[in-house]
Amino acid sequence: MKHIFFMLTIFLFHQFCYGQNETTSNVITKLENFSEQHIAEKAYLHFDKPYYVAGDTIYFKAYVTLGEKHRLSSLSGVLHVELVNTNSKIDQSIKLQLINGVTWGDFALPDSLPKGNYRVRAYTQWMRNNGDGVYLDQTIPVGSPLHNKISESSTARTSTGSAKTDVQFSPEGGEMLAGIPSKIAFKAIGINGLGVNVKGIIIDSDNKEVSSFASTHLGMGYFYLTPLENKTYKAKLMYPGGQQSFIDLPKTGAKGITLKVNNDSLDKAVVQLIANESYFAENRGKTFNLLVYSAGLTNMVTIRLDSTVINLAILKRRLYTGITRITL
């Protein structure tokens, strides 16, 4: 079964000073040229265990794929793999021969290795063209029989304090709009870079509780809110240790259109466009374009804004595994 994820972008293509066909053709041409000229490799390592103890051997199988369709790459013949210690220094480094994008390797861990979260980094020479931001970089927990062993679930360990916790709120479609129900995702990260379990309530500018939320996995979760015009909102966060903090939510837009995707169905993704009353009154009858970009292929759907809510479906069999970007 292929896995498809969606990224939503609101960038309105409709006819003002420039012709609709010219604008959309330029966008499609640029995307296709980028896909053809920007050939990228990606590395993935499949480990034999999720965590290790000093004295163990880390065994892994490596795959290197090419392009946005994630096909095994024959472009590179060597994969560089490094074991990085807790001080961000390279402890071990190996070069592995790639045969049709596949190879195997291992790292023998010394008995005296201190416990901690180590990292395995993998890249090809071709990947270095795009900087180390495209390298595979995976955290590997390592315990030690000479010290207290770290928890099996150490990578999901959470902080109990609120000091310097970074909490971000991200409305689906990019913006909260007055009168439109919004799905708002949040993520809480502690100073150690790990998720922090939080819960709380949403309070409006009249100090009334209008929603509540609680993280479900690694400090992440979501909630629903229908913002009103001329009102502001803030989150009152409560942490496991009893601390509290307040964070302002993004400002509510007075008028606009939002883009939502329901990805629950196995065979299709349901796309919903919702314009609030102010925006619909100004743009009723205008033509918009929905661009679907999947693994280097582009598809354009033309939509006329004749209702405040427009629904359409995208068949997943026409999409590729990976991230599909939908832009209005």
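Leu218 comes out as partly exposed, with a relative accessible area of 29% (buried means under 20% relative accessible area, exposed over 50%, and partly exposed in between, with a 1.4 Å probe and protein chains only). Leu218 also has a positive phi of about 50° although it is not a glycine, and its place is in the loop between strand 15 and strand 16 (220-225). Helices (H or I, at least four residues) and strands (E, at least two) are DSSP runs here, numbered from the N terminus. This is a predicted model, in which local features need pLDDT of at least 70 and side-chain atom pairs count only at pLDDT 80 or more, while totals for chains, interfaces and linings use all residues. Residues are numbered from 1 along each chain as its sequence is written, and side-chain values use heavy atoms, with hydrogens and water left out.

Now for the overall picture. The protein has 2 helices and 25 strands, and buried residues make up 39% of its 328 residues. Take the contacts (heavy atoms within 4.5 Å) between residues at least 6 apart in sequence: 64% of them join residues at least 24 apart.

On to the sheets. Strands of a sheet pair through backbone hydrogen bonds, either parallel or antiparallel; for the pairs described here, two strands pair if DSSP finds at least two bridges between them. Strand 14 (residues 199-204) pairs with strand 15 in the antiparallel sense over 5 bridges, and Ile203 has Glu209 as its bridge partner in strand 15.

Another open sheet has 3 strands in the order 20-21-24, again with antiparallel pairing. Strand 20 (257-262) and strand 24 (309-315) stand at the edges with a single partner strand each, so one side of each is left without a neighbour in the sheet. The twist averages 20° from one strand to the next. Strand 20 and strand 21 (residues 268-275) are joined in the antiparallel sense over 6 bridges, with Lys260 standing opposite Gln272 in strand 21.

Then there is a hairpin. Strand 22 (residues 287-294) and strand 23 (residues 297-304) pair in the antiparallel sense over 8 bridges, and Tyr293 has Thr298 as its bridge partner in strand 23. This hairpin has 2 residues between the strands, and Ala295 takes a positive phi near 55°.

A couple of loop residues deserve a mention. Asn230, in the loop between strand 16 and strand 17 (233-238), is another residue other than glycine with a positive phi, near 70°; Asn230 is exposed, with a relative accessible area of 76%. Gly173, in the loop between strand 11 (166-171) and strand 12 (176-177), counts as buried at 16% relative accessibility. The C-alpha atoms of Gly173 and Val261 are separated by 9.0 Å, although the two are 88 residues apart along the chain.

As for charges, the count comes to 6 salt bridges, a salt bridge being a side-chain nitrogen of Lys or Arg within 4 Å of a carboxyl oxygen of Asp or Glu. One of them joins the side chains of Asp204 and Lys231 (3.5 Å, N to O). Asp204 lies in strand 14 and Lys231 in the loop between strand 16 and strand 17, so the pair ties together parts that are 27 residues apart in sequence. Asp204 counts as buried at 7% relative accessibility, whereas Lys231 counts as partly exposed at 23%. Asp204, Asp206 and Lys231 are linked in a network of salt bridges. Asp137 forms a salt bridge with Arg119, with the closest N and O atoms 2.9 Å apart.

Terms used. Axes are lines fitted to C-alpha atoms, for helices over the stretch in contact, and angles run from 0 to 180 degrees between N-to-C directions.
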